[in-house]
Amino acid sequence: MVNKFNKLSLQGKSLGKLTYVGRNKVGTNGDISVAVLNINDTLNTENITPQAGFDYAKPFGTELKLINASIIGGEARSNRRGGARIATKSGILLPMSDSKTDDIPEEEYDAVFVSGKDQTPHGRVRSADAFDSHDLVLFRVTPNYKTDNRGEVARDDYDEPIISNYQFNFIQQSKSGDVGNDDNIVRILVDPAESERLQAGLKPGDKLVPQGLKFAFAGNDATDWTVYADTLVALDEKATEKPASNQSKTTTNQADKAKG
């Protein structure tokens with residue numbers, strides 16, 4: 001499967017202000033208890049599977065903090081037969097007064113978790129849980145075409161198909177040659193204009209490092225995650241950069257929008 005990542009570590013504080021609503025039951029059998037939380041004093045909510053022993057008898061509006069959180073693919077209760085999966089979040093929910101913090105250093109949350117066609121940011125995640133960004137070897141680039149409401153390819157005024165983005169397909173070099181690993185392909189989507197600029201000098205086997213990574217959960221039979229990047233940089237160019245990369249700056253700015 002393409003982009004089959006087991007989980008992504010999630011920085012709880014990047015979700016924004018979390019206030020307790022109550023308990024809900026989820027899962028294919030409705031037997032998993034989750035804490036329902038309002039986000040940033042809005043009517044938007046998150047379901048978080050908390051730690052064992054979590055006290056659900058908290059007053060409505062109690063502010064909590066989330067640490068050591070992660071996002072995985074869980075089964076969708078409403079579509080069990082179809083096998084669809086949804087992004088499920090879990091972690092440790094604590095009072096704001098608790099001194100505990102994430103075990104993962106803040107700077108390692110270098111990418112953004114997004115949703116929807118407009119790629120709305122919802123928090124910071126750790127890209128290293130998905131793949132080593134310095135281990136990607138390019139083998140194919142193909143366009144994705146926009147479709148209309150009938151599922152047919154949309155065309156411009158000149159009857160040319162409209163490209164929504166390009167798929168940059170990579171093999172993880174450290175896993176190549178492992179015949180027992182069928183989940184070795186990483187597919188990253190890049191904006192058309194940037195893709196066309198990049199493709200001019202590319203060839204199979206090039207090692208490229210993605211910048212400005214964004215992850216969206218797809219959960220279908222072809223791919224678990226959709227990965228977007230602002231651009232791709234040749235590995236030898238990346239090696240000469242200073243430690244403070246453009247990627248961390250870009251994703252930080254994007255995730256800050258989620259805090260409102």
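The following exercises, with worked solutions, concern a predicted model.

Local features need pLDDT of at least 70, and side-chain atom pairs count only at pLDDT 80 or more, while totals for chains, interfaces and linings use all residues. Residues are numbered from 1 along each chain as its sequence is written, and side-chain values use heavy atoms, leaving out hydrogens and water.

**Exercise 1.** Determine where confidence is lowest and where it is highest in the protein.

Solution. Start from the mean pLDDT (the predictor's confidence in each residue, from 0 to 100), which is 87, with 85% of residues reaching 70 or more. Next, compare elements (DSSP runs, helices being H or I of at least four residues and strands E of at least two): helix α3 (residues 246-256) is lowest at a mean of 47, and strand β12 (residues 208-211) is highest at 97. Where pLDDT is low, predicted coordinates should not be read in detail.

**Exercise 2.** Classify the ring pair of Phe215 and Trp225, and state whether each residue is buried or exposed.

Solution. First, the centres lie 6.4 Å apart with the planes at 85°, so the pair is edge-to-face (centres within 6.5 Å, the six-membered ring being used for Trp; planes over 60 degrees apart are edge-to-face, under 30 stacked, the rest tilted). Second, Phe215 belongs to strand β13 (residues 214-217) and Trp225 to strand β14 (residues 225-228). Third, Phe215 is buried at 0% relative accessibility, and Trp225 is buried at 1% (buried is under 20% relative accessible area, exposed over 50%, partly exposed in between, with a 1.4 Å probe and protein chains only). Finally, both residues belong to one aromatic cluster that also includes Phe5 and Phe113.
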